[in-house]
Amino acid sequence: MLPCQRALFDMPRDVCFLNAASWSPLPRAVQEAGRGAVARKGQPWMLPADFATAQHERARKAAAALIGADPGDVALIPSVGYGVSTAGKVLPIERGSRVIVLENDHTSPVLEWVGRAETGGFTIETVRQPTDGDWTSAVLEAIGRRDAAPLALASISSVHWSDGGALDVARIGATLKHQGAAFLIDATHDVGVRRIDVKALDPDFLIFPTYKWVLGPYGRAFMYVAKRRQAGTPLEQTAAARKAVSAEDTVYFRDLAYREDARRYDMGERDHFISMEMAAIGMEMMAGWGNEAIVERLSMLTGKLAEGLGNLDIRLPETKLRAPHILSLGFPKGMPEDLPKRLAAENVHAAPRLGRLRISPHVYNDEEDIERFVDVFRKVAG
Ligand SMILES: Cc1ncc(COP(=O)(O)O)c(C=O)c1O
């Protein structure tokens, strides 16, 4: 099992931060890289000509490595929503068809399709949150409905952000493929932790940001695009997306054809090398530890939490149905008022999410944090 990595973070012992699913702290090395990169921008004449290219290719490679992709199948984007809007522009959704989303999934994988449904003449089918917590079965049932319109797409998170439910994307993907439907995965709460292999999974799009589980900055996200979706028109029009548009050439618009790979979907200003380098370092650290070792550590921590909270008046999801790194507590009588605030007053940090308390440890947490959480929770929750 991966040992605790707290020493690599700027995290005082008396802070009990169990909220990586909202935003993780930056490792010291990532902060250092950010400071160094700001200084570089202070003296741009010192930068070699190929500096920016080296930076974004390093980040692309690090992102690709986390999901088993070829770097050429990964686009540099600023947010998950940007990636989903790109998919909205690229993916044809037939009139009269339906698109599956999850109830209360994050806005990013949902609202692009909601916004397009009326003019596009398709419907949105929302898979209701299952009372038994089994999202996979609920999605498979929706996919298999015989009385429904033909299925064009499932645009869903692989781990639900609010209840921590983990979806079996391999099974869902295989069933979608059987029906000829496309698959967009918002893997925000998955990449870096659970193992993802896009070559085996073969989704149309898989998107994740860096500011939560992969220990990076805001404003950096990555989108895997299957080869069959690499011939679309990008969301914005940039020189880098074209085969030959260069300010240093004597002819500016020399060749306007789009590049042949996912780089055509790269965002404008991808040369933002300050956050790009920070993102690369966070992702490289995650890859260095490896999925198995991380999952082992985080499931040990959420398991101990569940054990410690076991005989209180709360609802815990079944272990096999939740992500190994997230424990969302339900409250049969409603969450006690101000619970997150009262926890925070004791320097214990977890997030209120749609009536649940979402607890999300990362590699810097240890057993002492878990014991502390349980003690403080018992005290302040009454
Ligand atoms: C499931 C999920 N998707 C996406 C995001 C972030 O989306 P965006 O990068 O579009 O702001 C979040 C943030 O909480 C999330 O929980």
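**Figure 1. The two domains and the contact between them.** Domain bounds are taken from an automatic or database domain assignment, which here gives domain 1 (6-21 + 290-381) and domain 2 (40-287). The model is a predicted one, in which local features need pLDDT of at least 70 and side-chain atom pairs count only at pLDDT 80 or more, whereas totals for chains, interfaces and linings use all residues. Residue numbers start from 1 along each chain as its sequence is written. The C-alpha centres of domain 1 and domain 2 are 29 Å apart, and 19 residues of domain 1 are in contact (C-beta atoms, placed from the backbone, within 7 Å) with 16 residues of domain 2. On the side of domain 1 that touches domain 2, two or more residues each come from helix H9 (291-309), E11 and strand E14 (356-359), where helices (H or I, at least four residues) and strands (E, at least two) are DSSP runs numbered from the N terminus. H9 gives the largest share of this side, 4 residues, and the residues of the side divide into 11 nonpolar, 3 polar and 5 charged; Ala, Val, Leu, Ile, Met, Phe, Trp, Tyr, Cys and Pro count as nonpolar, Asp, Glu, Lys and Arg as charged, and the others, including Gly, as polar.

**Figure 2. The largest nonpolar core.** This core, a set of buried Ala, Val, Leu, Ile, Met, Phe, Trp, Tyr and Cys residues joined through C-beta atoms within 7 Å, has 104 residues, and those with the most contacts inside it are Ile67, Val74, Val139, Ala154, Ile207, Met223 and Tyr224. Helix H8 (residues 273-289) contributes the largest share, 10 residues. Because domain 1 (6-21 + 290-381) and domain 2 (40-287) both give residues to the core, it lies between them. Apart from neighbours within four places in sequence, Met223 is in contact with Val74, Ala75, Ile77, Gly83, Thr86, Phe205, Ile207 and Tyr265.

Figure 3. Strand E7 (residues 205-209) is mostly covered, with 5 of its 5 residues buried, a residue being buried if 20 or more other C-beta atoms, placed from the backbone, lie within 10 Å of its own, exposed if 12 or fewer, and partly exposed in between. Both faces of E7 are covered, with Phe205, Ile207 and Pro209 buried on one side and Leu206 and Phe208 buried on the other. Strands pair if DSSP finds at least two bridges between them: strand E6 (residues 182-186) runs parallel to E7 and is joined to it by 3 bridges, with Asp186 opposite Ile207. Strand E8 (residues 221-225) runs antiparallel to E7, the two being joined by 5 bridges, and Phe205 has Val225 in E8 as its bridge partner.

**Figure 4. The shell around the ligand.** The residues around the ligand (C-beta atom, placed from the backbone, within 6 Å) are Ser79, Val80, Gly81, His106, Ser108, Ser157, Trp161, Asp186, Thr188, His189, Pro209 and Ala221. By class, this shell has 4 nonpolar, 7 polar and 1 charged residues.

**Figure 5. Two loop residues with positive phi.** Glu269, in the loop between strand E10 (253-258) and H8, has a phi near 55°, a positive value in a residue other than glycine, and counts as exposed because it has 12 C-beta neighbours inside 10 Å. Asp338, in the loop between strand E11 (327-329) and helix H10 (339-345), has a phi near 60°, also positive in a residue other than glycine, and is exposed, with 12 other C-beta atoms within 10 Å.

Technical notes: Contact = placed C-beta atoms within 7 Å.
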